[in-house]
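Dear colleague,

Here is the structure I promised to hand over, and below it I describe what turned up around the ligand and elsewhere. Please keep the view open while you read.

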Amino acid sequence: MGCKLDRWMPKTGIGTAARPLRVAIVGSGPSGFYAAEAIARAEGLDACVDMYERLPTPFGLVRAGVAPDHQKIKRVARIYEARAASDRFRLIANVTLGRDVLVSDLRRHYDAIIYAVGGERSRRIDVPGSDLAHSHPATVFVGWYNGHPDFRDATYDLSVRRAAVVGNGNVAIDVARILSRTPEELRVTDVAEHALDALRHSQIEEVVVLGRRGPLQAAFTPNELDELAELAGADVVVRPEDVALDPESLADYATAPSSARRNVERLRRFAERGEGHHRRKLRLRFLVSPEEVLADERGTVRGLRLRHNELVRAEDGALRPRPTDRTEELEVGLLIWAIGYRGAPIPGVPFDDAAGVVENDGGRVTDHGVIVPGEYVVGWARTGAQGLIGSHKAASAEIVKKMLDDLHEGQLPQKVLPPPRELDELLAERGVVVVRYRDWRFLDAIEQERGARRGAPRDKLTRVDDMLAKLAHTAATEGPRRTG
Ligand code: NAP
């Protein structure tokens, strides 16, 4: 039974077989799919979900954020595939909110909207020289090696001897690891072919990860350090003085989260192993902040002036970095800033610029503090870039529960919805080529077949035009493949 609202429906009984609840989820990453899952599982609810996605390919962060050598994490997409196969679910991809479809269109056609648009931008840092050539945000570098169409044409000079990655989160570790892997290790991942090609010719001998606080305060997780120990062609090097905890960190050690203590244990083990024997080194440094990016005569990055920090206890009890009078210069030819992600504003959607998220109160969208009825936000667009993928399952379910509470209590706008085909017609009138889930399956099969040739799970299509051309070609030769 499909979700066919092909006549004007009465105002009452929303969420019943006679009048299913119609929900638009904007964004097809993990949080969006977990919200769809929670809606599907809600007892006694009859609901239809349309999921909008800007790219022709679904799964957001799982496809374009999770590192290509983390295939186990990417397997979570199988759960999303099962949801997408339901006849109460439609993928409406290759459609950009604010351009192809407006928030006002969604308000007219749906009872509720859930924004699951993630955090697509890198946090910026105000350091002199940070915008020099060869200084790049992690979002772009990660998108580049993951084949995201927006970053397909980014270029990186990998002919340099040393790269630095600023930040001490899992993204910094991902970036450092990808730069440190051998071509043989990368070939069997779904790293984008253009990135594989560039990384194959990399001359980088040293990748230095720079944390502004100490080992106990690092945001990365122990599993990520374990993985570094397994690199086929690089040694992880930590200087003993960098893992000698300062008195304040020692005072915190016993009560620190177990992951922080496990990090310190692993870092100590790295320190004991010394320099190792591989040509390539991945160095983890602590208590240093870039103070200035130094330019060569061509205006490209030649180095960093690093300020050494000490830790001081802030009023909230946390240890924060305080600059000391010590500095050093580090020669660096490539610089990646991995200091966190933030959301990007979408026309018509209230945005909290300070926090870099959709303005919300516990997941209910607000506009200047006033609740916008029927609109919700999940995932990184709600909380900022934090939490592992799995942790957003319960978080999305919690927001869906709030939506259903609002439905129950009559807080959702009571609307008479036009039939869904009107929205399809609107998109067609605007010349939007909508990519459906079955189209994606077709592209997916192409990618997997291409990947098999190099022993990889997939070799991604990285240009939107190319994807659409493949779909148009098959539609012309095999007839329409589209369903609702
Ligand atoms: P993150 O975990 O928030 O880490 C950001 C890092 O940047 C922190 O070490 C932070 O240091 C540092 N930083 C912030 N501002 C800075 C500045 N001005 N100068 C120097 N350093 C600065 O963010 P993320 O690494 O982007 O990761 C985002 C989320 O994705 C996290 O939840 C992460 O666990 C997750 N993720 C998971 C995986 C995985 O499971 N393998 C992979 C990638 C990402 P302070 O702590 O001192 O602020």
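Helix H7 (residues 170-180) contributes the most to the shell around the ligand, namely three residues; helices (H or I, at least four residues) and strands (E, at least two) are DSSP runs, numbered from the N terminus. This is a predicted model, in which local features need pLDDT of at least 70 and side-chain atom pairs count only at pLDDT 80 or more, while totals for chains, interfaces and linings use all residues. Residues are numbered from 1 along each chain as its sequence is written, and side-chain values use heavy atoms, with hydrogens and water left out.

Of the 22 residues around the ligand, Asn 170, Arg 212, Arg 213, Glu 224 and Gly 387 come nearest, where a residue is near if one of its heavy atoms lies within 4 Å. Looking at polar contacts (pairs of N or O atoms within 3.5 Å), you will find a backbone N or O atom of Asn 168 at 3.0 Å from an oxygen atom of the ligand, one of Val 171 also at 3.0 Å from a ligand oxygen, and one of Gly 387 at 2.9 Å from a ligand oxygen. The protein covers 81% of the 920 Å² of accessible area that the ligand has on its own, as given by the Shrake-Rupley method with a 1.4 Å probe.

A search of the whole structure finds twelve aromatic pairs, meaning rings of Phe, Tyr and Trp (its six-membered ring) with centres within 6.5 Å, which count as stacked if the planes are under 30 degrees apart, as edge-to-face if over 60 and as tilted otherwise. The rings of Phe 33 and Phe 89 are stacked, because their centres are 5.6 Å apart and their planes at 20°. Since Phe 33 lies in helix H1 (residues 30-41) and Phe 89 in strand E3 (residues 89-93), this pair ties together parts that are 56 residues apart in sequence.

Best wishes

Key: Polar contact = N/O pair within 3.5 Å; in protein donor to acceptor, adjacent residues only side chain to side chain.
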